[in-house]
Amino acid sequence: MPSTSTRPATTQGPDGRFRNTVPRSAGALAPDAKVMWDFFFNKPANSEPIASVPVHPITRAMLEEAPDGSLYRLGHSTILLKLRGGWWITDPVFCERASPVQFAGPRRFHAPPIAIDELPPLDGVILSHDHYDHLDYRAVRQLAGKSKVFLTTLGVGDRLIGWGVPADKVLQHGWWQDVEINGLRFTATPAQHFSGRGLRDGNRTLWASWVIEDGDQRIFFSGDSGYFPGFAEIGKHFGPFDLTLMETGAYNEHWPYVHMHPEQTIQAHQDLLGRWLLPIHNGTFNLSMHPWWDPFERIVQLGRERAVPVATPMMGELFSLQAPHTGSRWWQDMMVAQDAAPDVALARY
């Protein structure tokens, strides 16, 4: 492995706020008042499904019988993964709304395929950053007694400790810092994003992607990120990757610096020297203005064009690292029905 001295370190300014490795362009578009008004009050009808997104229910018995390499997408960026006999979960969000309050804010398109109480004991929780659609207070509180360790970025661990997670379970990381647990190696790698859960704590905690190494098998979890040269740097040091779990959703021309369009997701996957791509950060919450199915349609088409195998399992459907498959295009029937009836009132679970 090349020396870490060649890698860009975590950057924190004298004001205590973290920085991206690539500064925001001075000419970049920024949301104006009209954009923000439309985002909160005037979204297109097709930005949400007219019925619940289908899920494969998961039972505790199914998980107990699952072999190593089993992966289940539970929604948004929440992935349940079995490695070396232990279960790991990324950015666990089980709440109904990705919001500081549960009476307003982006509401789930579907119920979680399994409840937290039904999950088996976890070896660990992997957290990319502290935004509400990635860090769920109630889920963390429930998982505090179920998980052996919480792998977090700098500052996010302090939040968890403040919420009651035992300090000896919390391991905080800057970029390029790693830890080995039960034969697995986890490395916090750079992402281009931002953080904060209130009006005054912007960028006080770090954001990251994660590399998971299990012997010769490598998995990349993007967290949230705009497209930046860091993907190629990560690919150089850790690639090739057997699977990349890549943000593909909540994109908009006004925030390309912090979220990727599908074309950039595919390019980032290729920069990482990835083989299979499983798009995440979609299909659960309405966080942008595009049709809710657009991330799936575009990434699948781009995969065909660039010979990238793209997996789109239903929420709760088994995806095997040992026998990967593309999955069905489960959203297309819903897409056609919604296009045919655009004025139908929204009705979800």
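The following exercises, each with a worked solution, concern a predicted model.

**Exercise 1. The nonpolar cores**

Task: Determine how many residues the largest nonpolar core has and which residues have the most contacts inside it.

Solution. 
- Step 1. The largest nonpolar core has 61 residues.
- Step 2. Within this core, the residues with the most contacts are Leu151, Phe186, Leu245 and Trp292.
- Step 3. Another core, of 26 residues, lies apart from the largest one; Ile58, Ala139, Leu143 and Trp163 are among its members.
- Step 4. As a general background, nonpolar side chains in soluble globular proteins tend to be buried together.

**Exercise 2. The surroundings of Val53**

Task: State where Val53 is placed, decide whether Val53 is buried or exposed, and list its contacts beyond four places in sequence.

Solution. 
- Step 1. Val53 belongs to the loop between α1 (33-41) and α2 (60-65).
- Step 2. The cut-off for a buried residue is under 20% relative accessible area. Val53 counts as buried because its relative accessibility is 3%.
- Step 3. Neighbours within four places aside, Val53 is in contact with Phe109, His110, Gly283, Trp292, Met315, Trp330 and Met334.
- Step 4. One of these contacts, Gly283, is 230 residues from Val53 in sequence, yet the two C-alpha atoms are 7.5 Å apart in space.
- Step 5. Trp292 is also in contact with Val53, and Trp292 itself belongs to the residues with the most contacts inside the largest nonpolar core.

**Exercise 3. The seven-stranded sheet**

Task: Give the strand order of the open sheet formed by 7 strands, identify its edge strands, and describe how β5 is joined to β6.

Solution. 
- Step 1. The order is β8-β7-β6-β5-β4-β3-β15, with mixed pairing.
- Step 2. β8 (170-173) and β15 (318-320) are the edge strands, each pairing on one side only.
- Step 3. From one strand to the next, the twist averages 20°.
- Step 4. Strands β5 (residues 86-90) and β6 (residues 122-126) run parallel and are joined by 3 bridges. Trp88 stands opposite Gly124 in β6.
- Step 5. In the loop between β5 and β6 lies Asp91. Asp91 is not a glycine, but has a positive phi of about 30°. Asp91 counts as buried because its relative accessibility is 0%.

**Exercise 4. Strand β10 and its partners**

Task: Find which strands pair with β10, and in what sense. State how many residues of β10 are buried.

Solution. 
- Step 1. β10 (residues 184-189) has 5 of its 6 residues buried, and the strand is thus mostly covered.
- Step 2. One partner is β9 (residues 178-181), which pairs with β10 in the antiparallel sense over 4 bridges.
- Step 3. The hairpin of β9 and β10 has 2 residues between the strands, and Asn182 takes a positive phi near 50° there.
- Step 4. Another partner is β11 (residues 209-214), paired with β10 in the antiparallel sense over 5 bridges.
- Step 5. Arg185 of β10 stands opposite Glu180 and also opposite Glu213 in β11.

**Exercise 5. Helix α6 and what follows**

Task: Name the buried residues of α6, the elements against which they pack, and the residue that follows the helix.

Solution. 
- Step 1. In α6 (residues 262-271), the buried residues are Pro262, Thr265, Ile266, Ala268, His269 and Asp271.
- Step 2. These residues pack against α5 (230-238), β13 (241-247), β14 (274-280) and α7 (294-306).
- Step 3. Leu273 follows α6 and is found in the loop between α6 and β14. Its phi is positive, near 65°, although the residue is other than glycine.
- Step 4. Leu273 counts as partly exposed because its relative accessibility is 45%.
- Step 5. In the loop between α5 and β13 is Pro240, joined to Gly239 by a cis peptide bond with omega of about 0°.

How values were computed: Residues are numbered from 1 along each chain as its sequence is written. This is a predicted model: local features need pLDDT of at least 70, side-chain atom pairs count only at pLDDT 80 or more; totals for chains, interfaces and linings use all residues. Side-chain values use heavy atoms; hydrogens and water are left out. A nonpolar core is a set of buried Ala, Val, Leu, Ile, Met, Phe, Trp, Tyr and Cys residues joined through side-chain atoms within 4.5 Å. Buried means under 20% relative accessible area, exposed over 50%, partly exposed in between (1.4 Å probe, protein chains only). Contact means heavy atoms within 4.5 Å. Two strands pair if DSSP finds at least two bridges between them. Axes are lines fitted to C-alpha atoms, for helices over the stretch in contact, and angles run from 0 to 180 degrees between N-to-C directions.
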